[in-house]
Amino acid sequence: MTPAARVQAQIEVLDSILSGRLPADRVLGDYLRARRYIGSKDRRAIQDSVYGVLRNLAKLTWWCTRSGWEATDARALALAAQALLARLDAAKIAALLDGGPYSPAPLSESEVANLAALVGQDLEFAEQDTATRLEVPAWLLPRLQAAFRDALDTELRALTSSAPVDLRVNSLADDLEAARAVLAAEGIEAAPVPGVPLALRQTARRPVQATEAFRAGLVEIQDAGSQIAAQLCGARPGMAVADFCAGGGGKTLALAAAMENRGRLVALDVAQSRLDRSAARLRRAGVSIVERRVLPDAAWQRAQAAAFDLVLVDAPCSGSGAWRRDPYARWQLDEEQFARYAQAQADSLDQAAGLVRPGGRLVYVTCSLLPEENEVRVQAFLQTHDGFSVQPAAGAWAAAGLPMPAETPFKGPYVQLTPARHGTDGFFVAILARDAAP
């Protein structure tokens, strides 16, 4: 592809993302799958340019408005990115828009004037407000300030960085060093993640799904923070375990491995489609103990009351801890959706609590950095469920055999991981014990 064709592809992908509700990675993936003639280097360049805009969307929009664009659309943002991110001058930008068959249309007179106001400027500008500078919706800023206080700037800037690709070695199939060697033989270089026993982190991005290591079930793609959350559950062989919001099965797989494929493991979710997607992953990993069941199922839930040693609630949430992976998700979230997530979290905890046996554990996990979805939600649950109490996370951390990181992962009795402090996605973990029967 020519540089001009790459810009046109960037505009087309951005237009689809901005005009829809699908995650950015799905839109980009669909676009590239429909154009298999695009080579790997061009695919990477298109992805980087699209995500560059999405990670700096508020600042680029601010500059477009200041420079005179009447509407900030995909084309305006792409042009602004050429000036402010790629640091091209007006002549080089104009050369990219030559009107060729695979190129953007030439610059209009107004666009020439708009770009003249952008060239040579810095992306971050003194007149920008805090929400714009830190790339968050204004309505969310007070909540994030309450969460991070003096660390706000550091934490939110980390959320605009690129996330690493982490792999979890399937301990049912191989050990870490053996899996690492198989990956290296296929051109995938990965290093152990300190403090996360089964985690490997790619040193350079490569498509791991095409490797024999992945196809044979030796590794799964899973963020190191998600792996820590699964380990803190304390699943062991022979247990009865329920993964209440199983989704695509990432933590289900980790729990099955911790159980050494022995015991009872039920994957529950409200969407049959998500459970169906997990089936292939379970087969590939050699997991045979998982039963999949769609919720709600009142009869099953009544029959299984107090039947499980461990229930994991990986609750639906804002996903704020994973904004590095989907930077546009922050702009798709609104206060109405945030309230719906809060209700879903409360409902999930309430239903899951009934499955926990006396003396068992309920583990609440989110990939959120917001107190309303984390410690506030747990406290609300405890006010209506007298038989449960919070167990200090430090004890679960030690019991899981996790080395202590340089930056404390504890927020009171809870675990709170963040990209800035721990290099993982942002995960919250609360461990709740149900009182033993008298």
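# Reading the terms of a predicted model

Guide: Leaving out residues up to four places away in sequence, Glu-372 touches Arg-143, Phe-338, Gln-345 and Arg-377. The model is a predicted one, in which local features need pLDDT of at least 70 and side-chain atom pairs count only at pLDDT 80 or more, while totals for chains, interfaces and linings use all residues. Residues are numbered from 1 along each chain as its sequence is written, and side-chain values use heavy atoms, with hydrogens and water left out.

Visitor: What makes Glu-372 and Arg-143 partners in a polar contact?

Guide: Touching, or contact, asks for heavy atoms within 4.5 Å. A polar contact asks for a pair of N or O atoms within 3.5 Å, one able, within protein, to donate a hydrogen and the other to accept it, and residues adjacent in sequence count only if both atoms are side-chain atoms. The side chains of Glu-372 and Arg-143 are joined at 3.2 Å, and that value lies within the polar limit.

Visitor: Why is Glu-372 called partly exposed?

Guide: Buried means under 20% relative accessible area and exposed means over 50%, with partly exposed in between (1.4 Å probe, protein chains only). Glu-372 has 28%, so this residue falls in the middle class. As for its place, Glu-372 is in the loop between β9 and α19 (375-384); helices are DSSP runs of H or I with at least four residues, strands are runs of E with at least two, and both are numbered from the N terminus. Glu-372 is 11 residues from Arg-361 in sequence, yet the two C-alpha atoms are 22 Å apart.

Visitor: How do you know that Glu-111 is buried?

Guide: The relative accessible area of Glu-111 is 9%, so the residue belongs to the buried class. Glu-111 sits in helix α7 (residues 109-116), and a polar atom of its side chain lies 3.0 Å from the backbone nitrogen of Ser-108. Beyond its neighbours within four places in sequence, Glu-111 is in contact with Trp-69, Arg-75, Leu-79 and Pro-106.

Visitor: What makes helix α4 largely enclosed by the rest of the structure?

Guide: Helix α4 (residues 57-67) is described in this way because 8 of its 11 residues are buried. They are Leu-57, Ala-58, Lys-59, Leu-60, Trp-62, Trp-63, Cys-64 and Ser-67, and Cys-64 has a relative accessible area of 0%. What covers these buried residues includes α1 (3-19), α3 (40-55), α5 (74-84), α7, α8 (130-133) and α17 (329-332). Just after α4, Gly-68 takes a positive phi of about 110 degrees.

Visitor: How do you know whether Cys-367 is in a disulfide or in no disulfide?

Guide: A disulfide is a pair of cysteine sulfur atoms within 2.5 Å, and a search of the whole structure finds 0 of them. For Cys-367, the nearest cysteine sulfur is that of Cys-317, 3.6 Å away, and Cys-367 is in no disulfide. At 21% relative accessibility, Cys-367 counts as partly exposed. Cys-317 is also among the residues touched by Tyr-341, together with Pro-316, Ser-318, Leu-333 and Glu-373, again without residues up to four places away in sequence.

Visitor: Why is Tyr-341 called partly exposed?

Guide: Tyr-341 has a relative accessible area of 22%, so this residue is not under the buried limit. Tyr-341 lies in helix α18 (residues 335-353); Pro-316 is 25 residues away in sequence, but the C-alpha distance is 6.2 Å.

Visitor: What makes β9 and β13 a pair of strands?

Guide: Two strands pair if DSSP finds at least two bridges between them. Strand β9 (residues 356-366) and β13 are joined by 6 bridges in the antiparallel sense, with Arg-361 opposite Ala-433 of β13. Strand β10 (residues 388-391) also runs antiparallel to β13, over 4 bridges, and there Gln-391 has Ile-431 as its partner. Strand β12 (residues 414-417) pairs with β13 in the antiparallel sense over 3 bridges, where Val-415 stands opposite Val-429.

Visitor: Why is strand β13 called mostly covered?

Guide: Strand β13 (residues 427-434) is described as mostly covered, with 7 of its 8 residues buried.
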